[in-house]
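Trainee: Could we go through some of the labels used for this structure? I would like to see how each one is reached.

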Amino acid sequence: MYHEILEKAREYEAESIRYLTDMIRIPAFSTKEKELAEYILQEMKKAGFDEAFIDPLGNVIGKIGSGKNIIAFDAHIDTVYPGDLSLWDFNPFEPQVKDGMIWGRGAVDQEGGMASMLTAARIIKELNLNSKFSIYFTGTVMEEDCDGLCWQYIIREDKIVPELVVLTEPTNMNIYRGHRGRMEMQVFVQGRSCHASAPERGVNAIYKISRIALEIEKLNEHLRYDDFLGKGTIAATEVHFTGPSQCAIPDSAYLHLDRRLTQGENKEIAVEEVKEACQLAGESDARIQVLTYNEPSYTGLVYPTEKYYPTWVTPADSPYLKIAERAYSQTLGRKPIIDKWTFSTNGVAIAGMHHIPCIGLGPGNEVYAHAPNEATPVIHLTEAAAFYAALIYALNQ
């Protein structure tokens with residue numbers, strides 16, 4: 001059967017290409033995914049999904065099968081903006097298929113995963129590979145802005161609670177089982193303005209925030225290390241100030257911090273470390289805030305969440321991982337590399353918050369994510385579709 005699954009994926013390769021090129025032509029930035037969600041919904045209906053709908057947050061969700069237990073495949077359908085167009089060799093929203101690659105914004109991150117999911121669903125239905133599960137295929141929104149918000153909504157509000165979720169973010173066709181978490185913080189300091197001709201009369205907020213920034217840089221020397229996930233990191237990514245004029249001493253300032261959390265680190269630990277850095281800088285009165293995301297989705301719904309995205313790892317001896325390795329080898333004729341993502345995914349909510357096991361496999365190499373001239377190999381679309389279908393077959397045995 002594994003050989004038959006791969007042959008069916010090859011048979012549908014042109015359709016997989018069509019799905020992806022159609023999606024690339026529809027810009028779908030975070031909070032602006034409506035047109036793409038409607039396209040995917042129509043393709044789900046054409047493919048004969050048993051159910052397909054768009055939820056109140058804007059996620060497009062298709063279902064096949066009616067088993068008591070739930071398996072889900074997830075692809076976020078939003079993309080980042082193309083950036084400086086002069087760095088592209090072509091229009092990022094006019095996809096090109098050449099040299100065995102599909103080129104365009106979203107080809108890797110991560111509409112390629114959605115294309116392979118649509119093909120996999122057709123294979124599962126046509127070859128009758130599923131008898132045990134309700135299988136959900138989710139095209140999720142706002143991930144680039146707020147990882148996992150979409151799945152917080154799916155689990156809590158749509159009441160879809162899988163026993164396993166397959167993340168189709170790019171893995172270069174390897175199997176991934178986790179990544180570091182992250183959080184966003186801001187550190188605020190108060191100064192006192194005065195005329196810049198007599199700076200001693202005031203308190204310069206820029207100097208205060210600068211001393212804190214230098215202490216935060218030193219934190220990287222002491223953050224935890226994990227053998228699988230690597231080291232935690234912290235970086236100051238923005239600095240802002242306020243003041244009456246360019247001839248006045250600034251009266252407030254803040255730093256924006258990007259904190260990547262390895263195994264054993266969490267929000268409380270990270271906040272305490274920043275407090276200590278502020279104290280070492282002589283600025284114990286600094287205020288630290290973990291940020292909240294509260295942007296409306298394209299449907300207009302606001303679903304606020306703290307910008308804390310927990311670390312997660314699926315154990316190396318997980319039975320789901322072992323079944324996935326077997327399905328991969330049987331279908332593609334080679335052993336998978338088991339690894340981790342460098343960046344963050346919707347797994348922060350699914351596994352990190354709700355403790356639902358996740359594994360990942362997706363077309364494309366993550367090094368091309370968010371980069372100009374983004375492209376994914378055609379063969380990856382085909383092999384990913386075959387793997388998703390083969391995994392369902394293996395889970396049904």
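Mentor: Let's start with the loop between β5 (101–103) and α4 (111–126), where this predicted model places Gln110.

Trainee: What kind of peptide bond joins Asp109 and Gln110?

Mentor: A cis one, with an omega of about -10°.

Trainee: Next, the loop between β21 (358–360) and β22 (375–377), which holds His370. Why is His370 called partly exposed?

Mentor: Set the value against the cut-offs. Buried means under 20% relative accessible area, exposed means over 50%, and partly exposed is in between. His370 has 43%, so it is partly exposed.

Trainee: Asn373 is in the loop between β21 and β22 too. What makes Asn373 buried?

Mentor: Its relative accessible area is 18%, and buried means under 20%, so Asn373 counts as buried.

Trainee: Now to helix α6 (residues 205–219), where Tyr207 lies. How do you know whether Tyr207 is buried or exposed?

Mentor: The relative accessibility of Tyr207 is 52%, and exposed means over 50%, so Tyr207 counts as exposed.

Trainee: Which residues form a nonpolar patch with Tyr207 on the surface?

Mentor: Ile206 and Phe241 do, and together the three have about 330 Å² of accessible area. A patch residue needs over 30% relative accessible area, and Tyr207 has 52%.

How values were computed: Residues numbered from 1 in each chain as written. Predicted model: local features only at pLDDT ≥ 70, side-chain atom pairs only at ≥ 80, totals over all residues. Heavy atoms only, no water. Patch = residues over 30% accessible without salt bridge, like charges linked within 9 Å, V, L, I, M, F, W, Y side chains within 5 Å. Areas by Shrake-Rupley, 256 points an atom, 1.4 Å probe, with all protein chains shown as cover. Salt bridge = Lys/Arg side-chain N within 4 Å of Asp/Glu carboxyl O. Helix = DSSP H or I, 4+ residues; strand = E, 2+ residues; numbered from the N terminus. Buried < 20%, exposed > 50% of the residue type's maximum accessible area, 1.4 Å probe, protein only.
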